[in-house]
Amino acid sequence: MPATDSLAVWTEHDVKETLPVRAASSHKGSHGTGLLIAGSRDMPGAALLAGLGAMRSGIGKLVIDTDPEAIPVICPTLPEATYRRRDWDKTAAGSADLGQYRAIAAGPGIEPTQESERAFQQLITSPLPLVLDAGALLKRSYNKRTAPTILTPHLGEFARLTDRTATDVQENRPHYARMLAGELEATIVLKGHETIIAFPDGESWQNPTGNSALAKGGTGDTLTGMLLGMLCCHDNWKHAVLNAVFLHGACADAWTAEYSAHTLLAHELTNRLPEVWRRFEKNEDSL
């Protein structure tokens, strides 16, 4: 077993220097349209949580592609999004128009099937930044992609992708995250205590925010949405990934400053995001 790799830490200063400034003259088109493929009849909440994360993270417009039965559940809480009824069937057939989007996220609340895999394979051929989570995390190569690919496994998913035990991975998360990023030519966001972000060029970071309040269902879906939103509004995609992970954890830290870590619900992360983001951002007048 190699020695534990040292990592750079993405700091508050880094966030303050890299968060995008929202120009006074901007409009919704300035901040990109994102496509979220998520949710199902039995797991509509995954699409809702990811959608909330995206809409709170700087995106201009959000399109949610989901099961028709999930839409009535999601829409009352997230009326700002546009909805498509399993349009990813067209994606699987190669007939979907993806040209309007700046970035895509897929996987939360979707069970892996042959049909979903056909859709994911079509997404992989697109020239757009792509976030894959949950049901979209399968063994495959991304070496032919020209745009960033971001995979967001938790420890168990990472172990499954690498045919290693969770115990082995936990003992040296930086090493294994870097290894998988290089093998797949994809960015790995290995979720957990002090989340590891490993880019395929060898650059890697440790995230200093977050706590055990995030050890609850749905918080990963929220992060997937935040990654999508920040990819749409950041010029530098690496900064988008690092800032999404940092602010996601910072929202959990804001929660535990007032309440027990036992009590956080995933949607409450995005309730905290406006105040947390405001602490780090600059505006046009300060530049």
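Start by selecting F246: is F246 buried or exposed? F246 is buried, at 2% relative accessibility (buried means under 20% relative accessible area, exposed over 50%, partly exposed in between, with a 1.4 Å probe and protein chains only).

Before moving on, a word on what you're looking at. This is a predicted model, where local features need pLDDT of at least 70, side-chain atom pairs count only at pLDDT 80 or more, and totals for chains, interfaces and linings use all residues. Residues are numbered from 1 along each chain as its sequence is written, and side-chain values use heavy atoms, with hydrogens and water left out.

**Aromatic pairs**

The whole structure holds 4 aromatic pairs (rings of Phe, Tyr and Trp, the last by its six-membered ring, with centres within 6.5 Å; planes under 30 degrees apart are stacked, over 60 edge-to-face, the rest tilted). One of them is F199 with W237, edge-to-face at 5.4 Å centre to centre and 85 degrees between the planes. F199 is in the loop between strand 9 (196-198) and strand 10 (204-206), while W237 belongs to helix 10 (residues 237-256), 38 residues apart (helices, H or I of at least four residues, and strands, E of at least two, are DSSP runs numbered from the N terminus). F199 is buried at 1% relative accessible area; W237 is partly exposed at 27%.

F246 sits in helix 10 and F280 in helix 11 (residues 267-280), so the pair ties together parts 34 residues apart in sequence. F280 is buried, at 4%.

Go back to F199 and show K238: its charged end sits over the F199 ring, 4.9 Å from the centre (NZ of Lys or CZ of Arg within 6 Å of the ring centre and within 35 degrees of the ring normal).

**The largest pocket**

Next, select H154, K191, G192, L214 and T219, the closest to the centre of the largest pocket among its 36 lining residues. About 650 Å³ of space lies there. (A pocket is an open set of points on a 1 Å grid over the protein atoms alone, where a 1.4 Å probe fits, with protein on both sides within 12 Å along at least five of seven lines; lining residues have an atom within 4 Å of a point. The volume is the space filled by probe spheres set on the points.) Colour helix 9 to see the biggest contributor to this lining, with 4 residues.
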